[in-house]
Amino acid sequence: MTLGIIIQARMGSTRLPGKVLRDISGKPLLGHVLGRLQMLTRPAKVVVATSSATENDMIEAWCLEHGVSCFRGDETDVLDRYFQCAKSLGMSDIVRLTADNPFTDIEELERLIDLHQKQGFDYTHAFGQLPIGVGAEIFTFEALLRSHREGKLPHHREHVNEYFTDRPELFKIGQLDVPPAKISPNLRLTVDTEEDWRRACALAERGGGNWLGTEEAIRLCSSSA
């Protein structure tokens, strides 16, 4: 298995423009996402997938400066961007992350990859129980290929995972069970608004940045509520 981790990133967020390079505790949001992946114990090809739009030249420049692989593809057809990226790098299984989630739970990501491999799932996710922005998903290249070939509706092209969820009968789908102490599905640990950004800054300052665990983040947010 050639494991790939593709982080989708672009500067053109409508609610928080330029957020992926916005500072959180001394480094950009994208830097936190990548820094957290340093805790992953297994080898993986990590690449930032942005679009060919000129405004994303800044993302490519940052990646080049920091020795991070960067792939550029279609701005609106994110499914095609993922497919072309995974194909060009020979990935057999692809973890999808986004550049606005600085608190991905790496322990649960490890368990997710194990579940995906051992059970032979086409698509496996850790959503619905963890805080928003903490979970992840992984799919085989074959499942991505089928989605790319058959997913024709606009939302299939804009969101990489929605052909899987629209047509579950076509895929072997798995869902990760998470420890009870990490269940907090209404807590937002993604960065999509000014309020999200302020929360992320506070957590990064109080909890040690990249190394903040999910249970600790839940505790800190509960104590400050």
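In the predicted model, helix 1 (residues 29-36) and helix 2 (residues 57-65) approach each other, their axes coming within 11 Å and crossing at roughly 45°. Two packed helices are described by the angle between their axes and the distance between the axes. An angle from 0 to 180 degrees that is neither under 35 degrees, nor over 145, nor between 65 and 115 counts as oblique, and helix 1 and helix 2 are therefore oblique to each other. The crossing of these two helices is right-handed. Helix 1 contributes Leu30, Gly31 and Leu34 to the contact, while helix 2 contributes Ile59, Trp62 and Cys63. Classified by residue type, the contact of helix 1 with helix 2 comprises five nonpolar residues and one polar residue, with no charged residues.

The relative accessible area of Leu220 is 5%, and because buried means under 20%, Leu220 is classed as buried. Leu220 and Leu34 are 186 residues apart along the chain, and their C-alpha atoms are separated by 23 Å.

Gln8 belongs to strand 1, formed by residues 3-8. With a relative accessibility of 17%, Gln8 falls under the 20% limit and so counts as buried. The side chain of Gln8 makes a polar contact with the side chain of Arg96, at 3.0 Å. When neighbours within four places in sequence are left aside, the residues in contact with Gln8 are Ala49, Val78, Arg81, Tyr82, Arg96, Leu97, Thr98, Ala99 and Val160.

The side chain of His148 makes a polar contact with the side chain of Asp80, at 2.7 Å. Not counting residues up to four places away in sequence, His148 touches Leu79, Asp80, Phe83, Gln84 and Arg157. Asp80 is therefore included among the residues touched by His148, where contact means heavy atoms within 4.5 Å.

Methods:
Residues numbered from 1 in each chain as written. Predicted model: local features only at pLDDT ≥ 70, side-chain atom pairs only at ≥ 80, totals over all residues. Heavy atoms only, no water. Helix = DSSP H or I, 4+ residues; strand = E, 2+ residues; numbered from the N terminus. Left-handed = near helix turned anticlockwise from the far one by under 90°. Nonpolar A, V, L, I, M, F, W, Y, C, P; charged D, E, K, R; others polar. Buried < 20%, exposed > 50% of the residue type's maximum accessible area, 1.4 Å probe, protein only. Polar contact = N/O pair within 3.5 Å; in protein donor to acceptor, adjacent residues only side chain to side chain.
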